[in-house]
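These are my notebook entries on one structure. I set down what I looked up, entry by entry.

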There are 2 protein chains.
Amino acid sequence: MNASVVEAIPAGVCVPRGFVAGVAAAHIRDDGDERRLDVAVLRSERPCEVAGVFTRNLVKAAPVVISQLTLRQGRVQAVVINSGNANACTGAQGFRDALQMCKAAADGCDLDPGQVLVCSTGVIGRPLPVDRVVRGIRDACAALSPAAGEPAARAMMTTDTVIKIANTTFEASGRRYAVGGMAKGAGMIHPDMATLLALVTTDAPVARDVLQPVLARVADQTLNCVTVDGDTSTNDTLLLLANGVAEGEPFTEGSAELAALERAVFEVCDSLAEQVVADAEGATKHFRVWVRGGADLAQARAAARTVAASPLVKTAIHGADPNWGRVVAALGRSGAQFSLDRCRVEVGAITVFDGAPRAVDPDAVRAAFSSARIEIDCDLGAGEHEAHAWGCDLSAEYVHINADYTT
Amino acid sequence: MNASVVEAIPAGVCVPRGFVAGVAAAHIRDDGDERRLDVAVLRSERPCEVAGVFTRNLVKAAPVVISQLTLRQGRVQAVVINSGNANACTGAQGFRDALQMCKAAADGCDLDPGQVLVCSTGVIGRPLPVDRVVRGIRDACAALSPAAGEPAARAMMTTDTVIKIANTTFEASGRRYAVGGMAKGAGMIHPDMATLLALVTTDAPVARDVLQPVLARVADQTLNCVTVDGDTSTNDTLLLLANGVAEGEPFTEGSAELAALERAVFEVCDSLAEQVVADAEGATKHFRVWVRGGADLAQARAAARTVAASPLVKTAIHGADPNWGRVVAALGRSGAQFSLDRCRVEVGAITVFDGAPRAVDPDAVRAAFSSARIEIDCDLGAGEHEAHAWGCDLSAEYVHINADYTT
């Protein structure tokens with residue numbers, strides 16, 4: 001087998017060695033579109049150490065509960081995903097259906113159901129058409145291939161308009177390792193039910209107890225930065241699977257190898273985060289809010305997320321309205337402690353506020369707000385801590401998308 | 001003077017005896033509309049006991065800071081209000097301008113500047129055109145009349161489409177008293193800068209120390225129920241002025257008279273709250289979320305407000321999309337503790353969820369979501385506490401209004 005040719009084909013989660021994916025059109029949405037991909041299965045040739053970050057919503061979808069339980073049991077070897085139905089708020093039947101999805105994937109992959117994680121995304125409160133889903137899982141398992149990284153990312157999509165994949169490589173102890181990922185986002189900025197799912201794979205060998213802290217740290221700096229605090233969905237799931245197929249000694253806590261892996265996982269998740277926000281429902285542009293000078297990290301983070309989530313900031317950016325006062329107002333209600341006369345706000349590279357309004361050309365601010373990717377830089381002048389958040393504009397299209405989601 | 005004739009003319013804040021108002025078009029917006037009312041002055045014939053509830057935003061507009069300080073000093077006799085400019089984030093100049101507004105109103109009303117409260121609403125971060133404002137205040141003071149209750153409510157408006165006034169009467173100790181109010185709202189549901197202002201007057205005699213708790217309790221049950229928690233503007237102000245012109249012994253803590261006043265103030269503020277939400281920016285319908293069965297009041301309130309503020313609930317209602325799963329998802333992320341299998345959700349009179357989805361006709365839910373005024377009733381099954389919140393739909397028009405607010 002010519003490794004370079006094989007590596008040229010795979011994308012996303014199939015880039016790390018030993019991972020294959022399969023997809024199917026199971027017609028879960030029942031909308032007459034018989035060809036829309038809505039089931040994906042990811043399989044590793046070896047059992048994987050696994051870490052997960054899940055929704056903090058009290059209302060957890062059945063697949064989230066099942067995957068959390070499975071994850072505690074030990075290593076896993078496959079993940080099964082469907083879009084079009086979140087299997088959330090579906091009562092006892094929902095749990096039976098989620099378990100049946102694991103069973104079907106296990107049968108198709110020749111594994112034990114306890115080695116399969118399950119993710120769902122889509123509408124809440126409707127029973128899963130489980131017979132169609134199971135048929136789809138069988139089809140997906142029959143089609144497992146290292147070339148299905150992109151189709152797997154497509155099968156996760158709900159109102160996403162493009163697939164979201166990323167991958168990178170790193171060296172450690174003289175060996176080359178890969179990290180790959182895919183995500184679905186869409187209504188991510190208000191992800192009550194947009195149900196962010198992200199799956200990251202690596203062929204690195206990692207000691208189990210150190211994988212979870214790596215993923216938790218990376219999530220806080222990447223995908224959680226596009227999450228309005230607390231505004232998680234019933235289904236949000238981020239998984240990291242490490243199958244060790246690239247060999248070597250297991251990476252341990254505090255090692256240079258683990259640090260290199262963490263950087264690579266960060267790079268993949270940071271890219272997925274920006275892809276998610278750039279393709280948010282109805283978004284025409286996206287922006288990053290940096291908050292510096294926070295009294296502590298929690299305050300810096302709250303300030304950045306409050307600005308990024310503010311409907312009035314989002315609409316001002318949509319219309320390229322030079323209404324920077326809304327940024328200051330959002331900082332003020334974020335819970336962060338600061339003194340207004342030490343606060344400084346930049347839009348693009350233009351200082352608009354520095355304890356008092358700066359005389360600025362409104363057209364220059366308008367131009368800054370007209371970019372496809374906008375930087376808003378705030379200094380609270382209250383300490384040394386900083387954080388960032390990703391946001392997108394709020395458009396009439398967002399309203400149209402969400403006003404008739406189920407119909 | 002024939003009291004019945006006089007009482008037939010006044011409206012809103014001029015209904016209680018001894019209050020007069022004056023308005024002017026000061027051309028604060030500089031938009032070519034020379035006739036748009038943007039300054040109002042309210043004057044009482046006697047010094048008033050006064051209570052106030054102000055924004056919890058760390059960034060407080062200059063008029064808020066000045067009014068809070070004035071309120072601590074003792075009784076007041078006038079309030080001066082402008083729309084079109086919030087005088088927020090305007091540095092030291094903003095404080096000078098707010099004080100100059102008080103001075104101009106004091107001059108025009110023959111009072112001391114320390115007897116005048118000041119409120120501003122409009123765009124943030126622009127210096128007040130103080131010369132025009134001062135001229136407007138002089139004109140308003142020259143036109144004081146008991147008939148200017150409606151024009152005063154009009155002069156407060158920003159993107160409001162209709163004026164918001166309410167009044168009622170009550171009997172206590174054999175005497176008849178009145179309570180009147182006016183408010184401006186508009187972007188109230190996300191009031192970062194929509195800057196809710198509300199002014200309530202009464203001719204009842206009230207002991208100073210009991211007036212503030214009355215207003216605080218009423219605000220929590222009325223105008224604060226249309227406020228997303230923490231999502232207050234830089235300018236939010238609710239004032240209650242009691243001039244005692246209707247005579248009688250001062251109402252004291254625990255008295256039947258004070259309870260009657262509180263009911264009347266509640267009635268006026270509850271009406272203003274519903275008027276505000278019904279006229280929210282871009283709103284085509286509004287809804288009330290009742291949350292019962294909360295473990296404590298704070299949780300019930302958080303749950304109700306989270307549902308009412310959820311962009312996905314608001315867009316579903318806009319499109320009459322029977323997507324009730326979003327209500328359950330919002331309850332789940334609200335911070336309220338409950339068990340999903342004891343949770344029950346009704347939309348209109350239709351039970352859509354009761355531990356598990358109920359089989360309901362989507363068209364019936366669609367019809368419920370098509371009403372101009374919608375009731376959403378949630379029982380968390382976790383305790384005895386209940387709370388409500390007002391919300392409105394999120395429309396494309398909201399985006400259009402806020403995408404070019406300053407331009």
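**Entry 1: chain A as a whole**

I looked up burial and found that 62% of the 407 residues of chain A count as buried (20 or more other C-beta atoms within 10 Å of a residue's own, with C-beta atoms placed from the backbone; 12 or fewer is exposed, and in between is partly exposed). I note that this is a predicted model, in which local features need pLDDT of at least 70, side-chain atom pairs count only at pLDDT 80 or more, and totals for chains, interfaces and linings use all residues. Residues are numbered from 1 along each chain as its sequence is written, while chains are lettered from A and ligands numbered from 1 in the order in which they are written.

I counted 12 helices and 13 strands in chain A (DSSP runs numbered from the N terminus: H or I of at least four residues for helices, E of at least two for strands). The radius of gyration of chain A is 22 Å, which agrees with the value near 22 Å for a compact globule of 407 residues (taken over C-alpha atoms; the globule rule is 2.2 Å times the number of residues to the power 0.38). Along the principal axes, the C-alpha atoms of chain A fill a box of roughly 70 × 55 × 40 Å.

**Entry 2: Lys60(A)**

I located Lys60(A) in the loop between strand E2 (39–54) and helix H2 (62–73) of chain A. Is Lys60(A) buried or exposed? Lys60(A) counts as buried, because it has 24 C-beta neighbours inside 10 Å. Leaving aside neighbours within four places in sequence, I found Lys60(A) in contact with Thr55(A), Val65(A) and Thr234(A) (C-beta atoms, placed from the backbone, within 7 Å).

**Entry 3: helix H9 of chain A**

I examined helix H9 (residues 311–318) of chain A against helix H10 (residues 325–332) of chain A; they pack at an angle of about 160°, with axes 9 Å apart (lines fitted to C-alpha atoms over the stretch in contact, angles running from 0 to 180 degrees between N-to-C directions). H9(A) is therefore roughly antiparallel to H10(A) (over 145 degrees; under 35 is roughly parallel, 65 to 115 roughly perpendicular, the rest oblique). Leu312(A), Val313(A) and Ala316(A) of H9(A) meet Arg326(A), Val327(A) and Ala330(A) of H10(A).

I then turned to chain B: H9(A) packs with helix H12 (residues 396–403) of chain B at about 70°, with axes 8 Å apart. H9(A) and H12(B) are therefore roughly perpendicular to each other. In this contact, Leu312(A), Thr315(A), Ala316(A) and His318(A) of H9(A) face Val399(B), Asn402(B) and Ala403(B) of H12(B).

How values were computed:
Contact = placed C-beta atoms within 7 Å.
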